[in-house]
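Work through the exercises below with the model in view. Try each task before reading its solution.

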Amino acid sequence: MNSFKTLDRKLEEIRADPAGSDSFIIADAKDADMAFGIRAPGPSRNCSRFSQSESVACYRTLEEFRQQIRDVISQGIIDIMLLSASSLEQLATREGLFRTSGVTPAARANDTTDIWAVRGGKYPELPSRSFRTATIEHIKYGRLDCDHEAPATGAELGLYSITFTNNIDWDHRALEEFHEFRNEAERKHFRYFLEVFNPNVDPGIPQRDVYKFLNDHIVRCLAGVTSRGRPLFLKIPYNGPHALEELASYDPALIVGILGGSAGTSHDAFKLIAQARKHGARAALFGRKINLSEHPLSFIEMLKRIVDGDLSPEEAVKAYHSILRHLKIRPHRPLSRDMELTETTLRYG
């Protein structure tokens with residue numbers, strides 16, 4: 001365990017006392033360039049580089065995106081910064097931003113076809129297929145020729161993603177790829193956490209039962225995996241309190257985390273992390289919710305204060321808007337609208 005990194009300390013505390021530990025892992029997912037391409041950094045408030053006559057959307061540049069990453073690392077609240085391998089090389093290897101930081105760097109280790117969200121593409125609507133752009137060598141050292149016994153200059157942690165579709169051919173292949181990755185990761189001293197999405201195509205079962213399909217698949221596919229090959233924790237959709245409690249209570253050794261999903265309102269994000277924590281999650285990975293917020297650093301501060309029990313979600317929305325007013329930042333929506341809940345998973349029960 002590297003006690004210098006808050007992730008390792010919190011993992012140790014959660015494992016030592018799964019039911020009683022107050023530790024909660026917060027991650028910022030800045031790997032969107034492996035999914036959305038040009039749109040990954042989010043809309044820009046300054047479109048001066050385009051002429052008024054051009055009928056194009058204006059997005060921030062990659063450098064603006066990376067500057068936000070630098071700011072979040074410097075803030076030091078999150079436990080994990082998830083990046084693409086190329087951003088990891090720049091920020092970790094070349095700039096050394098993680099050497100004296102308590103934040104742990106991580107990289108997306110595979111990019112299955114259901115996250116190929118390019119403009120004009122239809123890939124997310126088709127059954128997910130396995131694919132890996134990055135290699136473990138490039139994530140750890142930035143090159144193929146390396147000594148895996150040497151300390152990594154990039155990251156020794158990755159996110160591996162799998163999407164079950166209820167199609168035996170696609171799911172069989174996805175599990176074969178996952179098996180190969182686990183074995184390779186163990187040989188090369190590489191840790192990972194596991195992202196499991198809801199089916200991205202119609203699985204042929206009622207929507208209300210999708211969480212059962214997801215939970216059973218997670219437990220089943222990890223039952224044959226010993227501790228050396230298991231993920232540090234899970235990243236899954238929040239399918240409601242019962243679904244989360246069912247999985248989180250099944251095996252105390254399996255740390256469950258939730259993903260943030262689309263941007264939504266501030267109340268959506270703050271309620272989500274509060275509900276997840278209440279019903280058994282011990283980690284949250286928010287990407288678009290942080291990136292598309294008006295002031296990511298203050299947004300992250302609110303997430304931390306909620307999981308620490310300092311603020312309720314409703315109080316956090318009001319506190320966040322107060323900070324925006326102080327910073328003279330125009331909110332995306334007025335406070336009354338930002339207090340609304342728009343995501344149906346937050347209305348269950």
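**Exercise 1. The largest pocket**

Which element supplies the largest share of the lining of the largest pocket?

Solution. H7 does, with 3 residues. This is a predicted model: local features need pLDDT of at least 70, side-chain atom pairs count only at pLDDT 80 or more, and totals for chains, interfaces and linings use all residues. Residues are numbered from 1 along each chain as its sequence is written, and side-chain values use heavy atoms, with hydrogens and water left out.

Step 1. A pocket is found on a 1 Å grid over the protein atoms alone, as an open set of points where a 1.4 Å probe fits, with protein on both sides within 12 Å along at least five of seven lines. Lining residues have an atom within 4 Å of a point. Helices (H or I, at least four residues) and strands (E, at least two) are DSSP runs, numbered from the N terminus.

Step 2. Take the size. The volume, the space filled by probe spheres set on the points, is about 1200 Å³.

Step 3. Find the lining. It has 48 residues, and Phe197, Leu259, Gly261, Ser262 and Arg288 lie nearest the centre. Strand S1 (25-30), S5, helix H6 (210-223), helix H7 (241-250) and helix H9 (288-291) each give at least two residues.

Step 4. Sort the lining by class. There are 24 nonpolar, 14 polar and 10 charged residues. Here Ala, Val, Leu, Ile, Met, Phe, Trp, Tyr, Cys and Pro are nonpolar, Asp, Glu, Lys and Arg are charged, and the others, Gly among them, are polar.

**Exercise 2. Strand S5**

Is S5 mostly covered or mostly open, and which strand pairs with S5?

Solution. Step 1. Check burial (buried is under 20% relative accessible area, exposed over 50%, partly exposed in between; 1.4 Å probe, protein chains only). In S5, 5 of 7 residues are buried, so the strand is mostly covered.

Step 1. Look for the partner. Strands pair if DSSP finds at least two bridges between them. Strand S4 (residues 157-163) runs parallel to S5 over 7 bridges. Ile162 has Val196 of S5 as its bridge partner.

**Exercise 3. Aromatic pairs**

How many aromatic pairs does a search of the whole structure find?

Solution. Step 1. Apply the rule: rings of Phe, Tyr and Trp (its six-membered ring) pair if their centres lie within 6.5 Å; planes under 30 degrees apart are stacked, over 60 edge-to-face, and the rest tilted. The search finds 11 pairs.

Step 1. Take one pair. Phe181 and Tyr192 have ring centres 5.4 Å apart and planes at 85°, so they are edge-to-face. Phe181 is in helix H5 (residues 168-187) and Tyr192 in strand S5 (residues 191-197), so the pair ties together parts 11 residues apart in sequence. Both residues are buried.

Step 2. Take another. Phe299 and Tyr320 are edge-to-face, at 5.7 Å centre to centre and 80° between the planes. Phe299 lies in helix H10 (residues 296-307) and Tyr320 in helix H11 (residues 313-326), so this pair ties together parts 21 residues apart in sequence. Phe299 is buried at 3% relative accessible area, and Tyr320 is buried at 0%.

Step 3. Look for a cluster. Ring pairs link Tyr160, Phe178, Phe181, Phe190 and Tyr192.

**Exercise 4. Positive phi**

Where does Asn166 lie?

Solution. Asn166 is in the loop between S4 and H5. Its phi is near 70°, a positive value in a residue other than glycine. Asn166 is partly exposed, at 43% relative accessible area.
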